[in-house]
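Here is a short tour of a helix and some aromatic contacts. Have a look at the model first, and then read on.

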Amino acid sequence: METVNTTDRLRQLRALMKQHKVDIYIVPSEDAHSSEYIAPTDARREFISGFSGSAGTAVITHDKAALATDGRYFNQASKQLDNNWELLKQGLQDVPTWQEWAVDQAAPGDGKEGKVVGVDPTTIAAPDGRKLGDKIKKKGGKELVGVAENLVDQVWDKQKPARPNEPVKVLGQEHAGKKYQDKIEDLRKELDKKKAAGFVVSMLDEIAWLFNLRGNDIPYNPVFFSYAVVTPTTTILYIDESKFEGNVKAHLMGINIRPYDAIFSDIRTMSKDEPSANGTSNSASTPKRKYLISTRASWALSQALGGDEKVDEVRSPIGDAKAIKNSTELEGMRQCHIRDGAALIEFFAWLEDELINKHSKLDEVQAADKLEQIRSNHDKFVGLSFDTISSTGANAAVIHYKPEPGNCSTIDPAKVYLCDSGAQFLDGTTDTTRTLHFGEPTAMEREAYTLVLKGHIALELAVFPKGTSGFALDTLARQYLWSNGLEYRHGTGHGVGSYLNVHEGPIGIGTRIQYSEVPLSVGNVISNEPGYYEDGNFGIRIENIIMVKEIETKHKFGDKPYLGFEHVTMVPMCRKLIDVEMLERRERQWLNAYHSEVLEKTKRFFKEDQRSMGWLERECARY
């Protein structure tokens, strides 16, 4: 991982801050799924700080700069940030959040008055901007101001990549499982319940799902830059029509298509012309209906609609509906994971043969490229769902490690190899992590792997009443690590889209408070990925995709359904890393049943591939 010299970039940014009368400038962790963010995911923050992780916020004053990120990226950030930057390790005791750090910098001190904090209003969610502004003023800072022209973009200037303009295609009914017209009618029912004027959709994955369309404007996420407005009587899609490919125009018959850049002027007009709640024209005595926006929509969008008086911020009803997969989507997930599992099995068998039998020298990128090539041979493959984490030895301890050509390690068969990878298929999205060892693992590596495996199994075997959240289930995956004084600094599970974003809200399994707000429901698709990491030594992670289903129980206390999980990932666990003596009978039974299923569902792909078949049979042998 290379360190970028950010001295000149910060000098230019600070000069622009003075021009705009801003003392502190925030570059938030951008959300690649939002229509307003025209730079690639977190590219602005990466440009100004040199940190390339997918989560982090930069805060710059006239004499300091801080980068805040979570435990997944502590190792990576410490290597990538130059000496201009202070690393704020979020979640650690006595380490301020980036908001607290910014507020402290804005507070008056040394005889000086409070300072002005600036941010591009399209890059911060409306609730977050409002809360931050209140905190700044409460501690004596002047205010939070929206700076219309992004200052990092001005430093970036001609080097900044153009906004992508990739083709948009129709996702067929055989994969979507539900007509977009029916989805819009479901949304209108929600609008009616809330007596709302309409819903302004700004999250790209929600727009793609709502209209049964897919694009490629964001790497690995089949989305496209757009907005949508749905009212009780009209539906408007804001998009560049030149992106339409094939039958998109016919598919969208009856939808009003407007230019992408017209959204802000249009919603300003809409909010002024909105009729009262009883459907009549405006009068001083009748309340007006409000527009709904997602709690993740930008401050700029909220302001354009007229702010608090004309806007209600809600958890997106589209996001909730999208997270509950229909029967077609669920079956697609099952089938694409079988194909993806076959690709991983072939890859691991090939990699072991190259390293052990042929004594080949392969680096992490070469391995990742080979895996992509194998995946691409399978039916309905579209592309990868994220950059493959192909990591050997100490690199496996960097939770979101990204190997790059010329800047990666040669795979060492005597060390742990961690591979976290996924693909986009027309019928689903995959995300699988396996940790392997091609030599003789240490006692600690086997112990750590087995503790992680025990937690993985415990979570999958969980049975819980309807209404239970992922927040409540998280400790099941951590319990065996905790009992041995071990832990991991990332969530246990994230939602997964259906040929959409590999990380999908609003559900998740972890300690984030938002995971307590949304209970798991039948049809949710989520990852199960506990791990353990020793910086400078090795990393362990085991990840399957699981789907929430109803479970038959002997009793039904509270007269409500009980739920559990169905796994769809079809890749063996690593035999060399399992200490069977640490497993209880129930865990061995699960492991044998799982491996029997993997063998049965994937062996048809290897009728003429003795190497892969031999590897599969060996790894799936009974304990």
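Predicted model: local features only at pLDDT ≥ 70, side-chain atom pairs only at ≥ 80, totals over all residues.

Helix H4 itself spans residues 98–106, and its buried residues are Trp-98, Trp-101, Ala-102, Val-103, Gln-105 and Ala-106.

## Aromatic pairs

How many aromatic pairs does the structure hold? There are 13. One of them joins Phe-381 and Phe-425: the ring centres are 5.9 Å apart and the planes stand at 75°, which is over 60 degrees, so this pair counts as edge-to-face. Phe-381 belongs to strand S15 (residues 381–384) and Phe-425 to strand S18 (residues 423–425), so distant parts of the chain, 44 residues apart, are linked here. Phe-381 and Phe-425 are both buried.

Phe-464 and Phe-565 make a tilted pair, with 5.4 Å from centre to centre and 45° between the planes. Because Phe-464 lies in strand S21 (residues 464–465) and Phe-565 in strand S28 (residues 562–567), the pair ties together parts 101 residues apart in sequence. Phe-464 and Phe-565 are buried too.

Ring pairs also build a cluster, which links Phe-347, Phe-348, Trp-350 and Trp-615.

## Charges over rings

Two arginines are worth a look in your viewer. The charged end of Arg-478 sits 4.0 Å from the centre of the Tyr-488 ring, over that ring. Arg-575 lies over the face of Tyr-623, with 4.0 Å to the ring centre.

Definitions and conventions: Residues numbered from 1 in each chain as written. Heavy atoms only, no water. Buried < 20%, exposed > 50% of the residue type's maximum accessible area, 1.4 Å probe, protein only. Helix = DSSP H or I, 4+ residues; strand = E, 2+ residues; numbered from the N terminus. Phe/Tyr/Trp six-rings, centres within 6.5 Å; stacked < 30°, edge-to-face > 60°. Lys NZ or Arg CZ within 6 Å of the ring centre and 35° of its normal.
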